[in-house]
Amino acid sequence: MLRFEAGAQELLTKAKENFKESADRAGEKLFSGTAAMTGFVTLPETMTDELICRIEAAADEIRAVCDTLVVVGIGGSYLGVSACDRMLKKDGQSLELLYAGYSLSASHHRRLIEKLDKCEPAICVISKSGSTMESSMAFSLLRDYVEKRFGKKSAERFIVIAGEQDNPLKTEAMERGYRLFSLPENVGGRYSILSAAGLVPLAMAGYDIRAMLKGARELKSRLEAVPFSETPCGEYAMIRNHLYNEGKRVEVFSLTEDEMHEMGQWLAQLFGESEGKCGHGFFPACVHYSTDLHAVGQFLEEGSRVFLETLLTVDERSEDISAPGFCYSYNDSIAAAAEAVWHVRKAKNTPIVRVTIGSLCEECIGELLYFFEMACAAGCYMMGVNPFDQPGVEAYKKEIRALLCK
Ligand code: PA5
């Protein structure tokens, strides 16, 4: 079961004094079922068995023919998939996920196409608007490649996940007979990992999406059982808001597992895009331990006191090795590194909180993703910002289109 701890009891007590009521109101709003764009709250239950069976059947069909799935998307439409894929990946998987459309790198896309020559590829494009430039360009490139290589039989290699409302991608999928799944209108890109947008590619890679939903569902029950301010999400949101009012402006997500590298990117996007507006919000930064303990670790210990540190760690790791002559293993060492950070930050009164999950399994990851989504959305309500829009991103999308279409 996921655990949330504040480094100092006093920090939690003060945060509660100032933000208890606002946290309870935020929780009620999220669970009310009436607030705009809160469809993600109920996804762990509303992903019906029928839809899950349809996803699993499509996954079986793709895996029977393909060994590679290129996930095409950017921002909230791919980061959750890449985070889960990295945390869950095992040796010898029958289908590998590759990524396209998350950048405008010519060399990445050229190399990807070359690599596909040695694979049996399928393409899964994810875009709620169905018109984002990066995803559209990459999809066009890959569609051209697949159609030239597989001719009339190419349609079976495409999977489209698009918003429910009419959009160019959805229309194309229907006209060309691609497999089509919907991203619900009341679920935003960065809150979509437990919808078809995340679960379709993850099922195709062979991951247990039912276990992911179960993990999220169990946390949801915990959150609904008591006032929100007494839940792990509520405590985290209250501490963040309290520290923000005290002048902290950076949240450092410190990750103990190599496999959490992409999880850090998902967190930075979730919090940055949800909270960073109207002149508000923490700047989200990520560090990786123990690598960064020999780099920005110096700043965190003795540099300017502008940040809150959120330490993410796991109780159990799936494999371990020991170096000859050492009486402790790699896992003993990383656990000790995390514990050392926890102690030294507390000793210096540096604000720190810790989120611990059992292991990097589907169930624990479902719980972890849901924890951050709920805490982030609640914290935004408490800060007075809309967690679900992204006017700055939309401004960029409009501007780049205008420049390129001149
Ligand atoms: O979280 C978000 O809403 C954004 O990051 C979007 O996911 C991203 O801009 C891609 O948009 P779309 O899914 O419409 O292609």
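Leaving out residues up to four places away in sequence, Thr 310 touches Tyr 236, Glu 251, Val 252, Phe 253, Ser 254, Val 353 and Val 355, where contact means heavy atoms within 4.5 Å. The model is a predicted one, in which local features need pLDDT of at least 70 and side-chain atom pairs count only at pLDDT 80 or more, while totals for chains, interfaces and linings use all residues. Residues are numbered from 1 along each chain as its sequence is written, and side-chain values use heavy atoms, with hydrogens and water left out.

Thr 310 lies in strand E9 (residues 307-314); helices (H or I, at least four residues) and strands (E, at least two) are DSSP runs, numbered from the N terminus. Thr 310 counts as buried because its relative accessibility is 0%, the cut-offs being under 20% relative accessible area for buried, over 50% for exposed and partly exposed in between, with a 1.4 Å probe and protein chains only. The side chain of Thr 310 makes a polar contact of 2.5 Å with the side chain of Glu 251. A polar contact is a pair of N or O atoms within 3.5 Å; within protein, one must be able to donate a hydrogen and the other to accept it, and residues adjacent in sequence count only if both atoms are side-chain atoms. From C-alpha to C-alpha, Thr 310 and Pro 351 are 8.7 Å apart in space, and they are 41 residues apart in sequence.

Thr 68 belongs to strand E2 (residues 68-72), and with a relative accessible area of 2% it is buried. Its side chain is joined to that of Asp 67 by a polar contact of 2.9 Å. Apart from neighbours within four places in sequence, Thr 68 is in contact with Leu 95, Glu 96, Leu 98, Leu 116, Cys 119, Glu 120, Pro 121 and Ala 122.

## Enclosed and open spaces

Rolling a probe the size of a water molecule over the atoms shows where empty space is left. On a 1 Å grid over the protein atoms alone, a cavity is a set of points where a 1.4 Å probe fits but cannot get out, and a pocket is an open set with protein on both sides within 12 Å along at least five of seven lines; lining residues have an atom within 4 Å of a point. Grid points are joined across faces, edges and corners, and a volume is the space filled by probe spheres set on the points. In the table, Ala, Val, Leu, Ile, Met, Phe, Trp, Tyr, Cys and Pro count as nonpolar, Asp, Glu, Lys and Arg as charged, and the others, Gly among them, as polar.

| Space | Volume | Residue classes in the lining |
|---|---|---|
| Largest cavity | about 50 Å³ | four nonpolar, five polar, no charged residues |
| Largest pocket | about 850 Å³ | 10 nonpolar, seven polar, 12 charged residues |
| Second largest pocket | about 580 Å³ | eight nonpolar, 12 polar, seven charged residues |

The count comes to one cavity of 30 Å³ or more. The residues that line the largest cavity are Gly 76, Ser 77, Gly 80, Val 81, Ile 126, Ser 192, Ile 193, Ala 197 and Gly 198, and the elements giving two or more residues to this lining are helix H4 (79-88) and helix H8 (196-204).

Of the 29 residues that line the largest pocket, Glu 257, Glu 259, Arg 317, Ser 318 and Glu 319 lie nearest its centre. H4 and helix H13 (330-347) each supply at least two residues of this lining, and H13 gives the most, with five residues.

The second largest pocket, with a volume of about 580 Å³, is lined by 27 residues, and those closest to its centre are Thr 132, Gln 390, Val 393, Glu 394 and Lys 397. Two or more residues of its lining come from each of strand E4 (121-127), helix H6 (133-150), helix H11 (261-275) and helix H15 (391-404), with H15 providing the largest share, six residues.

## Backbone sites

Most residues other than glycine have a negative phi, and most peptide bonds are trans. Cys 278, although not a glycine, has a positive phi of about 55°; Cys 278 is in the loop between H11 and E8, and at 67% relative accessibility it counts as exposed. Asn 349, also not a glycine, has a positive phi of about 60°. The loop between H13 and strand E10 (352-357) holds Asn 349, which is exposed, with a relative accessible area of 69%.

Tyr 289 and Ser 290 are joined by a cis peptide bond, with omega about 10°, and Ser 290 is found in the loop between strand E8 (283-288) and helix H12 (297-302).
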